[in-house]
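Subject: Handover of a structure and findings

Dear colleague,

Please find the structure below, handed over for your review. My findings follow it.

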Amino acid sequence: MNTKNDVEVVINGKQYTICGYESSAYLQKIATHINEKYAEFKELDGYNRLDTDMRNILLALNLSDDFYKAQETAEELQKEREELEKEIFNMKHDMIAMKAQLEEKEKEAEEVLAKLEQMEQEKNETEHEVIRLETELKNASSVNSGSNSAKNNSYSKNRR
């Protein structure tokens with residue numbers, strides 16, 4: 001548990017001892033804020049004509065106003081933070097989904113490339129087979145031409 005601090009401060013020209021569990025610097029900061037409010041009021045035209053009770057009420061009202069405005073700002077910032085956290089969560093979720101889609105598309109692309117390579121190989125094999133068959137056909141044609149020539153020569157000889 002924190003120790004209690006006693007701090008001497010000056011508020012509106014009078015010295016006070018304030019106590020609290022907060023640091024001495026924090027308690028001085030509070031006193032400074034109150035003095036700043038007094039300084040603001042002293043610049044107002046009618047402030048010095050008010051009685052002490054009215055001055056204190058005015059100070060209390062303004063300090064309460066500062067508190068509630070700060071609290072409202074803190075709540076708005078908290079809501080904004082929560083909305084940003086939700087947005088970040090949704091973005092992370094979207095990124096994970098997109099990553100999964102990307103991995104799926106990459107896998108599909110790899111499959112397409114593999115199929116394309118297989119088709120290319122089959123095309124090459126088919127081309128080689130066509131060339132082989134054309135070569136065989138030429139060889140068969142030339143053998144056939146040679147034997148037809150021999151037949152024709154023997155046919156011609158037999159007719160004479």
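Is asparagine 12 buried, partly exposed or exposed? With a relative accessibility of 31%, asparagine 12 counts as partly exposed; buried means under 20% relative accessible area, exposed over 50%, and partly exposed in between, computed with a 1.4 Å probe on protein chains only. Please note that this is a predicted model, in which local features need pLDDT of at least 70 and side-chain atom pairs count only at pLDDT 80 or more, while totals for chains, interfaces and linings use all residues. Residues are numbered from 1 along each chain as its sequence is written, and side-chain values use heavy atoms, with hydrogens and water left out.

Asparagine 12 sits in the loop between β1 and β2. Helices (H or I, at least four residues) and strands (E, at least two) are DSSP runs, numbered from the N terminus. The phi angle of asparagine 12 is near 55°, a positive value in a residue other than glycine.

Asparagine 12 also belongs to the lining of the largest pocket, together with Ile11, Lys14, Tyr16, Ile34, Tyr38, Lys42, Tyr47, Asn48, Thr52, Arg55 and Asn56. A pocket is defined on a 1 Å grid over the protein atoms alone, as an open set of points where a 1.4 Å probe fits, with protein on both sides within 12 Å along at least five of seven lines; lining residues have an atom within 4 Å of a point. The volume of the largest pocket is about 220 Å³, where volume is the space filled by probe spheres set on the points, and grid points are joined across faces, edges and corners.

At least two lining residues come from each of β2 (14-20), α1 (24-42) and α2. By class, the lining holds 5 nonpolar, 4 polar and 3 charged residues. Here Ala, Val, Leu, Ile, Met, Phe, Trp, Tyr, Cys and Pro count as nonpolar, Asp, Glu, Lys and Arg as charged, and the others, Gly among them, as polar.

The nonpolar core

In soluble globular proteins, nonpolar side chains tend to be buried together. The largest nonpolar core in this model has 10 residues, namely Val7, Val9, Ile11, Leu27, Ala31, Ile34, Tyr38, Phe41, Tyr47 and Leu59. Such a core is a set of buried Ala, Val, Leu, Ile, Met, Phe, Trp, Tyr and Cys residues joined through side-chain atoms within 4.5 Å. Both β1 (5-11) and α1 supply at least two residues of this core, and the largest share, 5 residues, comes from α1.

Leucine 27, one of the core residues, is in contact (heavy atoms within 4.5 Å) with Asn5, Val7, Val9, Ile18, Cys19, Gly20 and Glu22, leaving aside its neighbours within four places in sequence.

Salt bridges

Side chains of opposite charge can pair when their charged atoms come close. A salt bridge is taken as a side-chain nitrogen of Lys or Arg within 4 Å of a carboxyl oxygen of Asp or Glu, and by this rule the count comes to 9. Three of them lie in helix α2 (residues 52-159):

- Lysine 105 pairs with glutamate 108, with the closest N and O atoms 3.8 Å apart. The two are 3 residues apart, about one turn of the helix, and glutamate 108 is partly exposed at 34% relative accessibility.
- Lysine 123 pairs with glutamate 127 at 3.8 Å, N to O. They are 4 residues apart, about one helical turn; glutamate 127 is partly exposed at 39%, as is lysine 123 at 43%.
- Arginine 132 pairs with glutamate 136 at 2.2 Å, N to O. They too are 4 residues apart in α2, and both are partly exposed, arginine 132 at 38% and glutamate 136 at 41%.

Elsewhere, salt bridges that share partners join Lys37, Glu40 and Asp66 into one network. Lysine 37 lies in helix α1 and counts as buried at 7% relative accessibility. Beyond residues up to four places away in sequence, lysine 37 touches Leu59, Asn62, Leu63 and Asp66.

Distances along the chain

Arginine 49, in the loop between α1 and α2, is exposed at 70% relative accessibility. Arginine 49 and serine 142 are 93 residues apart in sequence and 132 Å apart in space, C-alpha to C-alpha. Within helix α2, leucine 116 is partly exposed at 48%. The C-alpha atoms of leucine 116 and alanine 97, 19 residues apart along the chain, are separated by 28 Å.

Yours sincerely
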